[in-house]
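Please keep the sequence and the model in view while reading.

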Amino acid sequence: MIAVIGSGIVGSLIAREINKYIEDVYIFEAKNRIGAGVTKANSAILHGGYDDEPGSIRANFCYKGNKLYDEISEELSVEVKRIGSHVVALNEDDLKVIDELEEKAIKNGVKEYQILDKTELLEMEPNLNKDALESFYCPIAGVTEPWEVAMQAARSVEINGGKVLTNKRLVEVKKKANKFELLFEDGSSFIADLVINAAGLYADEVAKLFGDEVPYIFPRKGEYYLLGKDVVYVNSVIFPTPSKITKGCLVIPTVDGGFLAGPTAVDVKSKQDLSTTQEGLLEVKEKSLRLVPTLDFSRNVVKTFAGLRPETREKDFHIDVGEGNVIHVSGIRSPGLTAAPAIAKYVAEYLIQEKLHINLQKRENYVSHIEKVPHLVEEDYSYWEKVIQKDPDAGEMICYCNKVTKKEVKQAVRNGARTLDDVKFATRASFGECQGSFCTSKILKIISEETELAPEEVLQNEKDSWIINSEVRII
Amino acid sequence: MKYEADVVVLGGGGGGMAAAKAADKNGANVILIEREEENGGVLNQCIHNGFGIHYYRKDLTGPEFKETLQEELENTNVKILNSAFVLDVNKDKQLTFVNHKGIHEIKTKALVMTTGARERHFNSLAVPGDRVAGIFTAGVAQKYINLQNLKPANSALIVGSGDIGLIMARRLHLEGIEVKGVVEILPYPGGLERNVQQCLRDYNIPLYLSHTVTRVEGNKRLGKVYVSQVDENRQIIPNTEKIFNVDSLVTSVGLIPLTDPIKFVETGPGFITSNTNQTSEDWIFAAGNCTVVFDLVDYVSREGEKAGKYAALYAQNQYFPEQKVKVIKGKNINVLHPLYIDPNERTKLYLRVSKTFKRAEVTVEPLGIKMVEEEARPSEMIEISMKPFKDKNLKEIEVSARELG
């Protein structure tokens, strides 16, 4: 059996890649949902690969990963929008940075870019700061929904005979001959022939369980604003010129028509600190307004949130074998999302086969294409109509903002959703402008009706995130 | 299925039910569409009294108000479609909706939008802190408690002193939830004076005026809410911080008119209409909280009735306004409805002043209308009744308020 620790975008895609050769793949996720860590809260950008330090591991994987997203999109039925990106120069100093970017792009082998002058830039992005002088435009950059990619990759593993287990926090590893016994917090244990550590923020700690040292990971927090869909602020991803530390605070169209502003980059102590701060939010506001002055932070805000990225002092990925049949995929900071498909191939094709000398044969019965659970409102009315004839729940709207029916919510519950956030990430219900004001009470009821859970046991997401205390009175 | 109607009413709350009733009474063939299983909208969960004093001259609870309207509707030929969600309205006067039987179309001559409003969510206020469970809009908390018999809290702080916030402070208190206070950023309460008395003072629930929430904290569920005092510019005054240990925050921080799925009509942010509730698209009428947010359901139903009547007349080719006079927001006016007047018809102007007045004089010029309002506050709507005026040359009128010396 091959074990993948972590179901983020990296773990899920690696598991999928290995699953193309071997049926017996297990994904072990510590949280109660797929892709609920770093993958859940980030900029969701597919970078062009032009700006990573030439020669770095990041640079090696970013451009390749970007290219692989066409295949990912096709095979996993996930949305990838190649809306392009602009790095915008607002002053003379920025112009020098754009020149440097071009040099890096050439060194990184990225050909898909153009330097646009002010007129061309403002024609494409009329809401930009009018001080903009030029931009480094990369048409292959885009956006996707990282958690959806992870969920669909995990699903494809299940469909192809693998297993995806949640609430499995790895606490101990025992070496047994050339195998590993993996012991989990819930008391269960599994024997694995090969282990891939893709534990995100915790990859360094997991490596220690195997007796290996990988670069120390510290959480770097990024805070974001999410703005609503009623105004189109920009058409592509807008970057300021990058600093040594970060790519800066961006303005990003989301896959479903909203806009992100952010992130900040602040190192924090706790790997669980997802709080937003006054300073952070203010910084996002000020910096993003400098790029796009029309952003309406007084009326158009849907919510704010923070994500953590696994940063290392080396500022680079660490992807290598450890002691025994274990591979550590660690420090996958930006551009990890973009690089993930290329990392997955590298692990399956090079590290496992060439470095560990494990001979793998492609499975003949492997199903590469999987469908997405259809979002009925996006389907043809004739198709939707047929679904309703079979199941009237398909005609009952639960989420008014994102138009999710009762059938879709029930389906998510049947597929394993047990919390409000599970349903939210599986269906987008309660993800819209009203933030669940109209539908959360209905979703809570459906989860409770469809499972053994009492309303008091339905959680928002993790342990202790209760919604209902008790009945108001016993009837 | 394909339907035909003279008038379609979209939204079966207090406004839509009255609109459907009035359109029917005026001879139109009417379809009322409501997305929930039952009509009534938020009235169903407002089990307190105070509804109907103007519209029915009776003090009713929300469900009673709705039942009364529902009974009146049942004596009409209005076709009511419940659990029906409108997906699209196009310029060819065609609606597409979905229900448990399939996807259907309606061809209509006129449309009345009575889609109401939604609650502004706390998440949109960008208050820093942890992402925790236990933050509810007042409407959601009310629905859990009054309709689902579920208690979402042990202790609560209320943010926003709008009517829903005040009502919920009392409701939570009566169900044994410890309500530690109501926080309001403005220097005056957002809701009606009668609710401040009956919901807070009567139960000794403190009201913190000129205060705001600065941070929320908790381990997965809310544990602490940080509150500070603000100055007249809403800036936080240092060293005024209070910490409330509560597991719930119930928010009543404003309502936002809902105009979906129509994108081709003038809005600001609700539908902009005339005194006959006509929008920029002459076959579409709108009434109630999807235009501006009203203080009372009574006003909403009254407006709905009017919209239903004119939509019915329009559908039967009996109403064609020749002229529309613009109504301008003058000094010290925050909310104003309607923004156009058909001078051949009577008008009920609704307005909110933009600050508090001891004694305000509200004027409509050049019509020479003047009225004096004691203790005018933004939270209480002022109504002005206007007769038709025949001045053909009048292009616009202006409404303003000033303090009387």
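Strand 5 of chain A has pairing partners of both senses. With strand 7 of chain A, residues 134–138, strand 5 of chain A pairs in the antiparallel sense over five bridges, and within that pairing C138(A) is the bridge partner of S85(A). With strand 15 of chain A, residues 237–239, the pairing is parallel and runs over three bridges; here H86(A) stands opposite I238(A). As background, strands of a sheet pair through backbone hydrogen bonds, in either a parallel or an antiparallel arrangement.

## A three-stranded sheet in chain A

Chain A also contains an open sheet of three strands, in the order 3-8-4, with antiparallel pairing. Its edge strands, each pairing on one side only, are strand 3 (45–46) and strand 4 (80–81) of chain A. Strand 3 of chain A is joined by two bridges to strand 8 of chain A, residues 142–144, and the two run antiparallel; in this pairing L46(A) stands opposite G142(A).

## Domains of the two chains

The domain assignment of chain A gives three domains, of which domain 1 is made up of 1–81 + 142–217 + 312–372, domain 2 of 85–139 + 218–310 and domain 3 of 376–457. Taken over C-alpha atoms, the centres of domain 2 of chain A and domain 3 of chain A are separated by 33 Å.

Chain B is likewise divided into domain 1 (1–119 + 254–320), domain 2 (121–253) and domain 3 (323–405). The C-alpha centres of domain 1 of chain B and domain 2 of chain B are 31 Å apart, and the contact between these two domains takes eight residues from domain 1 of chain B and 12 residues from domain 2 of chain B. On the side of domain 1 of chain B that touches domain 2 of chain B, the residues divide into two nonpolar, four polar and two charged.

## Where chain B meets chain A

Between the chains, 37 residues of chain B are in contact with 44 residues of chain A. On the chain B side, the elements that give two or more residues are strand 7 (94–99), strand 8 (102–113), strand 9 (117–119), helix 3 (138–148) and strand 11 (150–151) of chain B. Helix 3 of chain B provides the largest share, six residues, and the residues of this side as a whole divide into 12 nonpolar, 14 polar and 11 charged.

Strand pairing also crosses from one chain to the other: two bridges join strand 24 of chain A, residues 470–471, to strand 11 of chain B, and these strands run antiparallel. In this pairing, E471(A) stands opposite L150(B).

## Confidence of the prediction

The model scores ipTM 0.95 and pTM 0.94. For chain B, the average pLDDT is 96, and 100% of the residues score at least 70.

Terms used:
Residues are numbered from 1 along each chain as its sequence is written. Chains are lettered from A and ligands numbered from 1 in the order in which they are written. This is a predicted model: local features need pLDDT of at least 70, side-chain atom pairs count only at pLDDT 80 or more; totals for chains, interfaces and linings use all residues. Domain bounds come from an automatic or database domain assignment. Two residues are in contact if their C-beta atoms, placed from the backbone, lie within 7 Å. Helices (H or I, at least four residues) and strands (E, at least two) are DSSP runs, numbered from the N terminus. Ala, Val, Leu, Ile, Met, Phe, Trp, Tyr, Cys and Pro count as nonpolar, Asp, Glu, Lys and Arg as charged, and the others, Gly among them, as polar. Two strands pair if DSSP finds at least two bridges between them. pLDDT is the predictor's confidence in each residue, from 0 to 100.
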